[in-house]
Amino acid sequence: MVKRFIGFMLCLLVCGCGTKEIEYRPNLDLTPYKRVGVVSFTLKNVKGSIGTLATQYFIESISKTQGEIEILALGDLDTVLEAVNRQALDAATIKAIGEQFKVPAVLVGTISASNFMEIAEIDGGSGGGHIVELKVVCTAKLFSTETGERLWQRLSSRNRTFGRGGTASIGIEDGMPYFVEKNAERLYGELIRDLVGGVTSKIIILQ
C-alpha cells in the first residue's frame, strides 16, 4: 500500500507541480543516545517467525535514516531477561539492561493481531491454507535505561484479508493466526516492511 501511495504522489507531483523530492525522515531522533539496544520483537495473539522479520526490518530502517547510531541487537526477550536475572520487563529491568549492555536507551517492539476471523479453509498453496481477515499491529517503545521510564511509543496497523486475491494465506494454530515460517519473507515481507515503516519513518515532500 505504501508503494502504491508513493507512486501516486510522485505521479501527481511530476504531472501537476513539477519535480520534487521525497525523503524519509525518522519519527524518532535517536542521535542524543548514540548507542541503542534493540530487543527482538515479541508476538502477541499470533504465531510464526514474523517477529524475526520485524526486528530485521526495524534495525535496517533505523540504520538507513540514522546511520550514525550504534545499534546493539540484544536478542529475544527471554534471553535478555536471563542475562539480567529478571523475570519481567519493568522499570528495574530496563535499568539492569542499561547496566549490562552499556546502552542509554532500549527499544522494545511487538507484533500483535486482533479482529481475527476465519472465512474459509483452502487446499494447496504456499501459505497455511486459510482465508482469514486480520488486523496486524506493530508497536515500538523507547525506554531510558537511566530512569526506566518510557520515552516514546508509536504503532502502525494494517487490516488484511489473507489467502485471497493472490495474498499469501496463513495457518491457524491453537486458535491463533500462524504466519508460516517457510518463505516468510517472500510471503509476508511487504506487509511487515509496511508496518515497520509506519513506525520508524515519515515521508517528507521537499519543496
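Which residues lie nearest the centre of the largest cavity, and how many residues line it? The structure is a predicted model, in which local features need pLDDT of at least 70 and side-chain atom pairs count only at pLDDT 80 or more, while totals for chains, interfaces and linings use all residues. Residues are numbered from 1 along each chain as its sequence is written, and side-chain values use heavy atoms, leaving out hydrogens and water.

To take the opening question, 13 residues line the largest cavity, with Leu28, Leu30, Ile62, Gln66 and Thr200 nearest its centre. A cavity here is a set of points on a 1 Å grid over the protein atoms alone where a 1.4 Å probe fits but cannot get out, and lining residues have an atom within 4 Å of a point. The structure holds 1 cavity of 30 Å³ or more, and the largest cavity has a volume of about 90 Å³, taken as the space filled by probe spheres set on points joined across faces, edges and corners. Its lining comprises 8 nonpolar, 5 polar and no charged residues (nonpolar: Ala, Val, Leu, Ile, Met, Phe, Trp, Tyr, Cys and Pro; charged: Asp, Glu, Lys and Arg; polar: the others, Gly among them). Helices α2 (50-65) and α5 (184-200) each supply at least two lining residues, and α2 gives the most, with 4. Helices (H or I, at least four residues) and strands (E, at least two) are DSSP runs, numbered from the N terminus.

Now to the sheet. Five strands form an open, mixed sheet in the order β4-β2-β5-β6-β7, two strands being paired if DSSP finds at least two bridges between them. Because β4 (70-75) and β7 (150-162) stand at the edges with a single partner strand each, one side of each lacks a neighbour in the sheet. Strands β6 (130-144) and β7 run antiparallel and are joined by 12 bridges; Ala140 stands opposite Arg154 in β7.

Helix α2 lies across β2 (35-44), β4, β5 (105-121) and β6, at about 150° to β2 (axes are lines fitted to C-alpha atoms, for helices over the stretch in contact, with angles from 0 to 180 degrees between N-to-C directions). Helix α5 packs on the sheet, touching β6 and β7, and its direction makes about 150° with that of β7; contact means heavy atoms within 4.5 Å.

Helix α4 (91-101) has Thr93, Ile94, Ala96, Ile97, Gly98 and Phe101 as its buried residues, buried meaning under 20% relative accessible area (1.4 Å probe, protein chains only). Their cover includes β2, β4, α3 (77-83), β5 and β6. Lys102 follows α4 with a positive phi, near 60°.

Terms used:
On a 1 Å grid over the protein atoms alone, a cavity is a set of points where a 1.4 Å probe fits but cannot get out, and a pocket is an open set with protein on both sides within 12 Å along at least five of seven lines; lining residues have an atom within 4 Å of a point. Buried means under 20% relative accessible area, exposed over 50%, partly exposed in between (1.4 Å probe, protein chains only).
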